[in-house]
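I opened a new model today.

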Amino acid sequence: MEGKVFQNFNVVQSCYRQNKQFKTRYQREPDLFMSTLLPCPREKMAFNLNSSMRAHTLSKYQFVLSKQRTFYCNATSSSATVPSLDKNDFLKLQNGSDIRGVAVTGVEGEPVSLPEPVTEAIAAAFGQWLLHKKKAESRRLRVSVGHDSRISAQTLLEAVSRGLGVSGLDVVQFGLASTPAMFNSTLTEDESFLCPADGAIMITASHLPYNRNGFKFFTSDGGLGKVDIKNILERAADIYKKLSDENLRKSQRESSSITKVDYMSVYTSGLVKAVRKAAGDLEKPLEGFHIVVDAGNGAGGFFAAKVLEPLGAITSGSQFLEPDGMFPNHIPNPEDKAAMEAITKAVLDNKADLGIIFDTDVDRSAAVDSSGREFNRNRLIALLSAIVLEEHPGTTIVTDSVTSDGLTSFIEKKLGGKHHRFKRGYKNVIDEAIRLNSVGEESHLAIETSGHGALKENHWLDDGAYLMVKILNKLAAARAAGQGSGSKVLTDLVEGLEEPKVALELRLKIDKNHPDLEGSDFREYGEKVLQHVSNSIETNPNLIIAPVNYEGIRVSGFGGWFLLRLSLHDPVLPLNIEVNICIKLNLVSVSKLSLEFFNWTQAQSEDDAVKLGLVVATTVKEFNALDTCALSNLTHSS
């Protein structure tokens, strides 16, 4: 290897590297080229060539090796024939501002919806969209492409590269990467890393099962929105229509420029610099801190060796750092109970100061303090709000719709900020914070209970690694100023946060095939349900409808609240119910109160949750297409 960009690319040699060797090297001695390869289960080869790139056909491919290790690949499409698909089939792949589908077989009842020809068409459509947006005339545009640890990543990477090449764009492959790094590559100005990229594609399906995959798209303006994604899918459907055997043969003659770059080293060095700066430019501001990382076998394993260790932290006890697209240990999801139990156990077993956990593509995260206290959902928002409001007093914190009343009180009464509760969906939350700033209301943090969090100072990028850097900054700065050491600094920041005694989410499914829908869209039916619930509750003296609410209907009463809303993507009405703590407690009063008192408050809280559930059950009983089994189970449990 020479300089910053790879050289001496040898396809044949890479075919014979084994997964076992890969895993060992990744954990303690990362090989930059190997980050582009996928670990394969059961000790299979780490790099499996698909039908269009078998080892015995390598003589067909032209590789022009240069200092930037560019090569030209005349690869055929992976399918000899193109299955018939229409525009609706493509539009079904939209998942808000992402594209997601089934990429590999293996799960009964889930046929592949994201094969290589479809992927090629989507990539070509993004190329068209980007060319239209940039209106470039003097140079070829370039697109960076990265992927998480999914088993279908390499196959889709090759398909994306072919599709971009057909559109006349240059491809810069990052290999194993995080979603935030892909957006960051559109901002970095360093030609030796072929940055900035004009656009970026991340191949990921977040925390979904191993058989799924998908795409996130970026320009320097941020992630693409729903309208853009729909436009790209419509373009892809038109491109796909024109595919034929003749087109495929023609595509074999098309040449696309592909360069492999170690961009993750740029991204991680930026995180390291941020912590050093917060601690007064100390070289190792985390020296002596014991911090364990759980990457869930996703793309976040770099954080231990590439961020924490250069800062002086001890990372022994970190787990599941090696990428494995079968996710054999737990779902890489900070909202998952098993995942949080795994990182909590690692912290306690290793007597660590802090634990950090990421989702698959590192755009979400959570933490655990030395006592095993979780910083996720409302607690994570409270912690980041406390840090941001120290830096920007009075600023507005934008969150999604399911945050608790206790969080509102904490942000506004204790921290002196403003809580703006908006819609579910990380893009909705981020866009709302940007909008508030544009009309003169200062906002520096947009964060969802799911762990998606974006800061104004970081280009409104929802970056799980950067969120953890903000926490590390606080630890490092506090110790440098002699204000304390260890995670107690963080725990003290959320002192006084009132937390619900009962918090649950029920999902009321809409049967799209029920006669009551009469051919109408499930969204129209769901809106009718919400309107009926609102009308019924207006006459109930025990309940109060929230005067300011941007999603569904939020109602307070019986010592708590419920939020009934329509899912962003699915035929489901999620129902969130929370019952607040009956009395605000501190550590002194806790020690003096009897176990009987706590049992009584728990029972009272559960009864109040049932009362709120009964309100909803009574008002929706005439909607026969709505599956209310979850409500029935709740209301009959008392």
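The entries below follow the order in which I looked things up.

**Ground rules**

I am working with a predicted model, in which local features need pLDDT of at least 70 and side-chain atom pairs count only at pLDDT 80 or more, while totals for chains, interfaces and linings use all residues. Residues are numbered from 1 along each chain as its sequence is written, and side-chain values use heavy atoms, with hydrogens and water left out.

**Entry 1: the whole protein**

I began with the secondary structure and found 20 helices and 23 strands. Helices (H or I, at least four residues) and strands (E, at least two) are DSSP runs, numbered from the N terminus. Next I looked up burial: 55% of the 638 residues count as buried. Buried means under 20% relative accessible area, exposed means over 50%, and partly exposed lies in between (1.4 Å probe, protein chains only). Then I checked contacts, meaning heavy atoms within 4.5 Å. Among contacts between residues at least 6 apart in sequence, 71% join residues at least 24 apart.

**Entry 2: helix 4 and helix 7**

Two packed helices are described by the angle between their axes and the distance between the axes. I looked up helix 4 (residues 116-134) and helix 7 (residues 226-241): their axes come within 8 Å and cross at roughly 120°. Axes are lines fitted to C-alpha atoms, for helices over the stretch in contact, and angles run from 0 to 180 degrees between N-to-C directions. Helix 4 and helix 7 are therefore oblique to each other. The scale is this: under 35 degrees is roughly parallel, over 145 roughly antiparallel, 65 to 115 roughly perpendicular, and the rest oblique. The crossing is right-handed. A crossing is left-handed if the near helix is turned anticlockwise from the far one by less than a right angle, and right-handed if clockwise.

Which residues of helix 4 and helix 7 meet? On the helix 4 side I noted, among others, Ala121, Ala125, Phe126 and Trp129. On the helix 7 side the list includes Ile232, Leu233, Ala236 and Tyr240. The residues of this contact divide into 13 nonpolar, 3 polar and 2 charged. Ala, Val, Leu, Ile, Met, Phe, Trp, Tyr, Cys and Pro count as nonpolar, Asp, Glu, Lys and Arg as charged, and the others, Gly among them, as polar.

**Entry 3: helix 12 and helix 15**

I then turned to helix 12 (residues 377-391) and helix 15 (residues 464-480), which pack at about 60° with their axes 11 Å apart. That makes helix 12 oblique to helix 15. Their crossing is left-handed. Leu380, Leu383, Leu384, Ile387, Glu390 and Glu391 in helix 12 meet Leu467, Met468, Lys470, Ile471 and Lys474 in helix 15. By class I got 7 nonpolar, no polar and 4 charged residues.

**Entry 4: helix 13**

Which residues of helix 13 (residues 405-414) are buried? They are Gly406, Leu407, Thr408, Phe410 and Ile411. Their cover includes helix 12, strand 14 (396-399), strand 15 (418-421) and helix 16 (488-493). After helix 13 comes Gly416, with a positive phi near 80°.

Arg150 lies in the loop between strand 4 (142-147) and helix 5 (153-166). Is Arg150 buried or exposed? Arg150 counts as buried, because its relative accessibility is 0%. A polar atom of its side chain lies 2.8 Å from the backbone oxygen of Leu208. The backbone oxygen of Pro209 also lies 2.8 Å from a polar atom of the Arg150 side chain.

Arg100 lies in strand 3 (residues 98-102). Its side chain makes a polar contact with the side chain of Asp98 (3.5 Å). A polar contact is a pair of N or O atoms within 3.5 Å; within protein, one must be able to donate a hydrogen and the other to accept it, and residues adjacent in sequence count only if both atoms are side-chain atoms. Beyond its neighbours within four places in sequence, Arg100 touches residues including Leu93, Ser206 and Leu208.

Ser206 has a positive phi of about 55° although it is not a glycine. Ser206 sits in the loop between strand 6 and strand 7 (212-219). At 4% relative accessibility, Ser206 counts as buried. Last, I noted that the peptide bond from Cys195 to Pro196 is cis, with omega near 10°.
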